[in-house]
Amino acid sequence: MSVIDVVRRANQPGLPENSIRLRLACLAAVLVAIAACASLGEIAWTTALGAMVLVGAGTAFSHATRSRPPWWVKALVAVGATAACVWFFHAVGSVTAGVTSVINPLTVLLVSVLVVHSFHVPSRRDLLFTLAASAGLMAVGGALAIDLRFGLYVVAWACCTLWALTEMWTSASGGGRISVSGLVLVLAATSTAAAGVFLVLPAPVVSSRVDFIARAGAGGSIGAPGALAGDSGNAAQLSRAGNPASRIRVGGYLGFAASLNTALRGSLSNALVLQVRAQRPSYWVGETFDTWQGESWMESKPVPRRPLRQTSPFVLPVSLGDVPFGQSDLQTFYVESSTADLVFHAESAGELWFPSAKVYVAGDGTIVSPIGLGSGSVYTVDSQVSSATPAQLRADDNPFALPPDVQRQEEQLPHPYPRVLALARSITAHDTTTEGKVQSLIHWIGAHTHYSENIPPLPAGADTVDEFLFGNRVGFCEQISTSLAVMLRSLGIPAREAVGYVPGSYDPITDLYQVHADDAHAWVQVWFPGYGWQNFDPTAVVPLSPPSPGATALHDVGSLLRRIPLVPVVVIAAAAGLVVVTVRWRRSRPATWAERVARSAERAGRRAGQPRRHSETLAAYAARLDGLARPAPSTWSRLASSVEASAYGGHDPPRSAQRAMVDEARRTRVRPRVGGGRDAPVARDAPDVPVSVGSGARD
Amino acid sequence: MVASVLIIGLWWLIAHNAGSGWVQLLGDLVFGALLIGIVGPFVIVTRARIGLRSAPGDAVAGLPALVRVESRSRLRVRPVEPPGPDVFVGPGGRRGPVDEIVTLVPTHRGVHESITLDIASAAPFALQWWTKRVHVPLPSALHVSPHCGWAQPVPRRPDDGTGDVHEQPRAEEGLPRGARPYVPGDARRLVHWRSTAHAGRLMVREVEQPAAEPVTITVELPMDPDAAERVAEGALGSVVRLLEGGTPVLLGTRERSGPVLGPVADRRSAGRRLARAVAGGVADGKARGVGSTPGRHAGP
């Protein structure tokens with residue numbers, strides 16, 4: 001078969017589709033897909049409503065002209081689809097923001113194609129194309145969906161599609177409908193297949209060959225350019241600096257400022273702050289502090305006032321002491337609620353797609369936004385994440401050293417800590433490497449201290465580290481991490497305090513990390529000559545391996561199941577099952593005494609290997625059963641005679657006799673005579689058919 | 001199916017590299033639907049059982065024969081041997097019987113111990129049709145007789161004109177033998193008025209059927225199926241014409257078991273004999289075709 005034949009065969013018009021329900025189901029799927037895209041802002045609601053009306057009109061027109069679609073409609077559809085494609089390529093060619101900006105033109109293209117195609121959908125195959133296009137539209141919408149609300153549209157679209165597919169089978173099979181149980185089975189099978197793939201497939205990754213959206217949200221301008229929000233004292237800014245009198249910085253966390261007061265811990269809410277799409281979880285670094293003052297951390301070199309002016313992507317300078325030769329990791333941050341004007345990232349930020357023409361970058365890698373990052377802001381960072389293993393860190397013998405002034409700053413202490421030094425030396429007495437010392441100190445902290453946020457504020461002027469290590473040894477992450485940093489510095493190891501967020505919980509549906517306000521965290525960065533600044537967290541063990549959607553979903557389901565009260569659920573399920581069984585048993589029970597006798601005869605015959613034949617009357621069957629035994633009894637014949645007299649002659653015996661006959665039929669067994677074999681051969685495919693004996697009296 | 005695999009592969013490739021969980025989830029749903037749409041019909045067809053509720057014993061080539069089949073699942077049934085149009089059997093939308101009538105239109109005469117059906121299903125999504133060929137044994141053999149063709153003229157022997165009776169009476173009348181009193185039910189045309197007047201009561205003629213000489217028709221089918229079909233059609237036409245004329249017929253054919261010569265009483269039995277007939281001569285050295293010989297023939 002040549003290519004022309006294949007094309008010609010593919011273009012052969014199909015039989016006209018007469019099912020209105022199938023058309024309605026396809027229409028519903030398309031409408032849901034358009035609404036989903038409109039809800040995500042990919043097309044305007046007015047455009048979406050217009051498209052919905054046109055698709056509805058087109059569907060009605062297609063149904064009306066399904067037998068003889070006008071030739072000019074097909075021509076118009078072809079012209080319209082071609083025009084939409086031309087417009088799409090023109091729009092794609094003119095966008096400058098990158099491949100991600102293709103989403104909106106692609107949505108418009110698909111909606112346009114669906115609209116024009118809806119006027120020429122004569123056959124079932126065309127309706128299948130409509131369903132496929134709606135699936136594509138949903139996928140385009142899903143590409144930008146970052147929350148679970150999109151799930152409502154997915155569920156609605158899946159229901160409409162399932163309806164359309166089953167209607168397609170109904171139409172194709174000449175009226176064959178799927179029963180309710182079959183539908184449940186199909187739904188379960190489809191869901192199981194989808195869930196199986198979902199569990200097996202790895203999490204999606206972000207290709208590094210595309211550009212990313214960068215969108216300014218509802219943040220507003222920052223009063224003091226380059227300053228951290230709240231530090232300038234401007235009331236219009238996003239937050240205010242934390243101090244003992246006012247703990248109301250962003251999300252309640254006091255660390256996203258020019259200083260970090262370790263004596264205080266704000267009351268952190270559970271509000272969703274960020275959603276992060278990343279290839280692997282990391283600590284989302286906001287800023288680092290290198291100057292310890294006994295109670296607070298400070299930055300020795302604040303963020304410069306001179307911004308980095310560039311268009312996205314910003315190529316960021318390498319921070320001091322960093323070794324940016326790790327794995328490239330892309331993170332897209334979706335700001336859900338107003339946060340600090342810090343640009344969060346994983347370890348060493350290399351490139352930044354940001355919705356402004358400038359950013360402020362400090363020497364330690366801290367990036368400050370010139371605009372407020374309110375809800376709706378989106379930015380993407382390409383970071384270099386260290387892939388060094390503990391063994392590699394232990395074997396690190398790189399002669400590279402920090403510049404003397406930097407090293408002095410990273411080992412700075414406000415005053416000698418003799419007790420801390422003695423403690424650190426005693427803990428690391430057997431360790432010869434930096435990594436070994438760090439691990440020993442972390443292990444000691446884990447074994448001898450306790451995490452708690454409910455501690456009273458430290459007395460004024462008290463040293464946090466002394467109070468923590470030699471007091472009750474109860475504190476929160478800032479105090480614990482500061483203690484580690486000071487112990488390391490006392491041993492001559494460069495260390496600094498980092499603040500930001502832990503990765504947050506991974507959502508296997510959206511493939512996003514949900515970062516809440518109470519995920520704000522402080523940890524320690526230790527410098528290794530060959531690998532730069534490495535994160536160490538003495539407070540909590542945060543898994544930083546790439547996520548598996550399946551494993552996460554299973555874990556979530558397991559957690560959910562563990563919360564279900566098993567005993568009540570089992571009791572309710574058992575009761576429901578009992579009701580169902582009872583109802584089914586009552587429905588299948590013979591309604592009259594005559595039917596019960598007939599059913600007993602059939603059961604007895606079946607046990608004796610003599611099922612009733614299709615064309616066999618009850619009397620003939622009873623005679624055959626009686627003939628199996630020698631001497632031949634007449635029990636079944638007598639009972640059949642009474643049944644037929646009742647069913648066809650209207651001679652109902654008294655109720656007592658009815659009961660007696662039912663009991664007798666139930667007790668009577670068919671005993672084939674010995675050596676005589678069974679009389680007539682059983683019909684090859686004679687199934688056991690229910691007996692119809694007319695209307696007998698109910699007992 | 002290939003298209004489905006390509007679509008899913010492309011979808012996952014895009015979804016995996018686009019970094020969107022929703023796109024991947026939608027791809028999983030589409031995969032689930034395609035998988036069930038492709039595998040479901042295969043499972044249904046593999047597990048399908050076709051039962052035969054009733055089947056005729058006789059059929060005529062070129063004319064429909066109705067067979068009632070039943071199935072627990074909705075299937076498209078296409079008769080292959082004998083052929084016939086597609087029909088859907090099995091549970092439909094409404095509750096009711098699950099059996100349907102399948103029309104067979106045999107194109108050639110023959111005997112079928114079973115019928116061959118192509119059963120297919122695309123449930124539950126009508127995305128992919130799977131077909132399986134099944135052989136359903138018939139409760140009794142289906143004899144497909146040839147179509148009744150034009151009757152060939154029966155050659156007469158030279159002494160056919162000699163005999164006591166020059167003109168054969170009509171089969172339903174017979175030859176008058178005497179008269180007897182009328183009994184209710186006798187035809188009015190049999191009333192013998194002269195005897196009635198003589199006897200003083202209503203008298204009717206008594207007739208008897210003459211013992212006609214049977215005609216032996218020997219059918220030798222050629223090897224070519226189409227030519228054999230035409231020969232059989234002509235033979236059946238001749239047999240039917242003779243039987244309608246009241247002439248007994250001895251039909252000689254070759255069946256698988258060997259030559260068979262025997263009387264045929266009616267069209268049905270003649271059709272069955274011709275349905276069973278195979279190519280080859282009844283006796284060696286005879287030309288292919290239909291030969292007829294008035295007079296008694298000894299059986300083989």
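Helix α6 of chain A is mostly tucked away, with 16 of its 21 residues buried (a residue is buried if 20 or more other C-beta atoms, placed from the backbone, lie within 10 Å of its own, exposed if 12 or fewer, and partly exposed in between). This is a predicted model, in which local features need pLDDT of at least 70 and side-chain atom pairs count only at pLDDT 80 or more, while totals for chains, interfaces and linings use all residues. Residues are numbered from 1 along each chain as its sequence is written, and chains are lettered from A and ligands numbered from 1 in the order in which they are written.

Chain A holds 20 helices and 20 strands (DSSP runs numbered from the N terminus, H or I of at least four residues for helices and E of at least two for strands). Of the 699 residues in chain A, 44% are buried. Contacts here mean two residues whose C-beta atoms, placed from the backbone, lie within 7 Å. Among the contacts in chain A with a separation of 6 or more, 76% join residues 24 or more positions apart.

Back to α6(A), residues 124-144: at 1.5 Å a residue it should span 30 Å, and its end C-alpha atoms are 31 Å apart, which agrees (the expected span is 1.5 Å times one less than the number of residues). The partner to look at is α7(A), residues 150-172, whose axis comes within 11 Å of that of α6(A), with a crossing of roughly 170° (axes are lines fitted to C-alpha atoms, for helices over the stretch in contact, and angles run from 0 to 180 degrees between N-to-C directions). The two helices are therefore roughly antiparallel (angles over 145 degrees; under 35 is roughly parallel, 65 to 115 roughly perpendicular and the rest oblique). On the α6(A) side, the contact residues include A:Leu131 and A:Met138, and on the α7(A) side they include A:Trp157 and A:Met168. By class, this contact has eight nonpolar, four polar and one charged residues (Ala, Val, Leu, Ile, Met, Phe, Trp, Tyr, Cys and Pro count as nonpolar, Asp, Glu, Lys and Arg as charged, and the others, Gly among them, as polar).

Turning to the two chains together, 34 residues of chain B are in contact with 42 residues of chain A. On the chain B side, α1 (2-18), α2 (21-47) and β1 (50-54) each supply at least two residues, and α2(B) gives the most, with 15. That side of chain B divides into 19 nonpolar, 12 polar and three charged residues.

One helix of chain A that meets α2(B) is α8(A), residues 180-200; their axes come within 8 Å and cross at roughly 130°. That angle makes α8(A) oblique to α2(B). Among the residues that meet are A:Val186, A:Ala193 and A:Phe198 from α8(A), and B:Leu25, B:Phe31 and B:Ile36 from α2(B). The contact has 12 nonpolar, three polar and one charged residues.

Further along chain A, α19(A) (residues 635-649) has 15 residues and reaches 20 Å from first C-alpha to last, close to the 21 Å expected. Its buried residues include A:Trp636, A:Leu639 and A:Val643, and the buried residues of α19(A) pack against α17, α18 and α20 of chain A.

Finally, A:Gln479 sits in α14(A), residues 477-490. A:Gln479 counts as buried because it has 26 C-beta neighbours inside 10 Å. Leaving out residues up to four places away in sequence, A:Gln479 touches A:Thr262, A:Thr464 and A:Phe468.
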